[in-house]
Amino acid sequence: MTHDDHRSPASSSSPVRGETRRPLTLRDVSEASGVSEMTVSRVLRNRGDVSATTRERVLEAAKRLGYVPNKIAGALASSRVNLVAVIIPSLSNMVFPEVINGISHVLEDTELQPVLGVTHYRPEQEEKVLYEMLSWRPSGVIIAGLERTEVSRAMLRNAGIPVVEIMDVDGEPVDAAVGISHKRAGREIAQAIIDGGYRRIGFLGTKMPLDHRAKKRLEGFTDALSKAGIELAAQEFYEGTSGFAKGREMTERMLSQTPDLDFLYYSNDLIGAGGLLYCLEKGIDIPNDLGLAGFNGIELLEGLPRRLATMDSCRREIGEAAARVIADRAANGGGASHAGGEQIVLMPKLTYGDTLRRP
C-alpha cells in the first residue's frame, strides 16, 4: 500500500522584481505537486512506499521550482555531510585538474560530492582551509602531499573520518596514502640519462622550500648521479608559475653560462617544453648533442615538434584510487583507520620520446 495523498496543485506566481526571495520549502513543493509535505519528504529522501506516479510528480515539481533540500538537519543528526574535502596546492598547475577528474569520475557513482580547497603551497593557508572544511563534517578528506604542520596533522588525525594523502608515498601518512615515490622517480630518470651516455648534466626547476615532491625527485636524481660518479654541472631555479617562456629563458641562460652541457633535466614538462622549443629554434642536435627530459607526462607534449622525454606521474589513477578509498570506507561506516590506512604505490612509466637516447 502506498502512502500517497493528492491535492490540487496550487498555481505559482513569479516573484516581483526587487522582491526579497525566501528559500523554498517542502510546503512549496507540496503545493506545486498537490501532495502532502510528508509525501514530498519521503520522495526527496527516497524513503517510504510512494507510487511511481506520485514520485515522478514530486520530482518534476521540485525540479521546476529549483528546490534544493536543506541537508543541515540531516547532517546534524548524522554528524556528517556527503561531501569530500579535496585540498590541492594549485589550480594553475596542469597536474591537479587530472587528479580532480579522477576523483570526480569515481565519486559520481556514489552519493558523495567533492568540494575543492586550494592552499597555494602555503602551510598556514592549508591550516585555514582544513579548519573551514572540517567544520562542515565532511565524509572524508583527500589532500595533496605528506608534509604539513603539526596543527594540520592534528586536525586530520582527530577528524574521525577517512583521510587520504595523495601524490607522494615517501613519508609517514596520517591515515591512507596514494601516490608515487618521487625519490624513485628521480633515481630512474637519472639512470636512464646515465645509460644514454650523458655526463654533463644540468637541472632546471622551481625553488623548492614548499614543493616537497620536486625536492624529493631532485634528491633521488642527484643520489643516482653520485653513485655513478657524476655531479650536476649546473643548476637553475625559478619562482612563480611554470610555462614555456620560463623554460626558454632558463635554458638560454644555462646554455650560455655552461655551453658544454649534454643533458638538461627539467622539474616539470612545461618548462621542459619551453626549453625544447628554444633548442630546436637554435638548431641544436637533439638528442645527440643535447638530451632533454621533463616530468609529469602531460598531454600538451603531444603537440610539440618533438616528443619530450618524460615520466608519467599517474595523476588520474591517483585521484581514482584515493576516491575509491573514501567511497569504500563511507560504504562501510565511514570511520578513520586507527591501525593505519591503505598504502597504494603506483609506478610511473618513463617515456623516452625523441629527446633521450635509448641505451
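Me: In which sense do strand 6 and strand 8 pair, parallel or antiparallel?
Reply: This is a predicted model, and in it strand 6 and strand 8 are joined over 4 bridges. One place to look is F203, which stands opposite Y265 in strand 8. The sense in which strand 6 and strand 8 pair is parallel.

Me: Which residue in strand 7 stands opposite G202?
Reply: Strand 6 also pairs with strand 7, again in the parallel sense, over 5 bridges. Within strand 7, the residue that stands opposite G202 is A234.

Me: Through which helix does the chain cross from strand 6 to strand 7?
Reply: The path from strand 6 to strand 7 forms a β-α-β crossover, and this crossover is right-handed.

Me: How many of the residues of strand 6 are buried?
Reply: A residue counts as buried when its relative accessible area is under 20%. Strand 6 is largely enclosed by the rest of the structure, because the number of its residues that are buried is 6 of the 6.

Me: How far apart are the end C-alpha atoms of helix 11, and why does that agree with what its residues should span?
Reply: Helix 11 runs over residues 269–281, which makes 13 residues. At 1.5 Å a residue these should span 18 Å, so the model agrees with the expectation, since the end C-alpha atoms are apart by 18 Å.

Me: Is helix 11 mostly covered or mostly uncovered, and how many of its residues are buried?
Reply: The buried residues of helix 11 include L270, I271, L276 and Y278. Among the elements that cover them are strand 6, strand 7, helix 10 and strand 8. Helix 11 is therefore mostly covered, and the number of its 13 residues that are buried is 10.

Me: At the start of helix 11, which residue's backbone nitrogen does a side-chain oxygen of N268 reach?
Reply: The side-chain oxygen of N268 comes to within 3.1 Å of a backbone nitrogen at the start of helix 11. The residue that holds this nitrogen is L270.

Me: What is the order of the strands in the open sheet of 6 strands?
Reply: The pairing in this sheet is parallel, and its edge strands, each pairing on one side only, are strand 2 and strand 11. Neighbouring strands are turned by 15° against each other on average, direction ignored. The order of the strands is 2-1-3-4-5-11.

Technical notes:
Residues numbered from 1 in each chain as written. Predicted model: local features only at pLDDT ≥ 70, side-chain atom pairs only at ≥ 80, totals over all residues. Heavy atoms only, no water. Pairing = 2+ DSSP bridges. Helix = DSSP H or I, 4+ residues; strand = E, 2+ residues; numbered from the N terminus. Axes fitted to C-alpha atoms, helices over the stretch in contact; angles between N-to-C directions. Expected span 1.5 Å × (residues − 1). Buried < 20%, exposed > 50% of the residue type's maximum accessible area, 1.4 Å probe, protein only. Contact = heavy atoms within 4.5 Å. Polar contact = N/O pair within 3.5 Å; in protein donor to acceptor, adjacent residues only side chain to side chain. Right-handed = clockwise from strand over helix to strand, strands pointing away.
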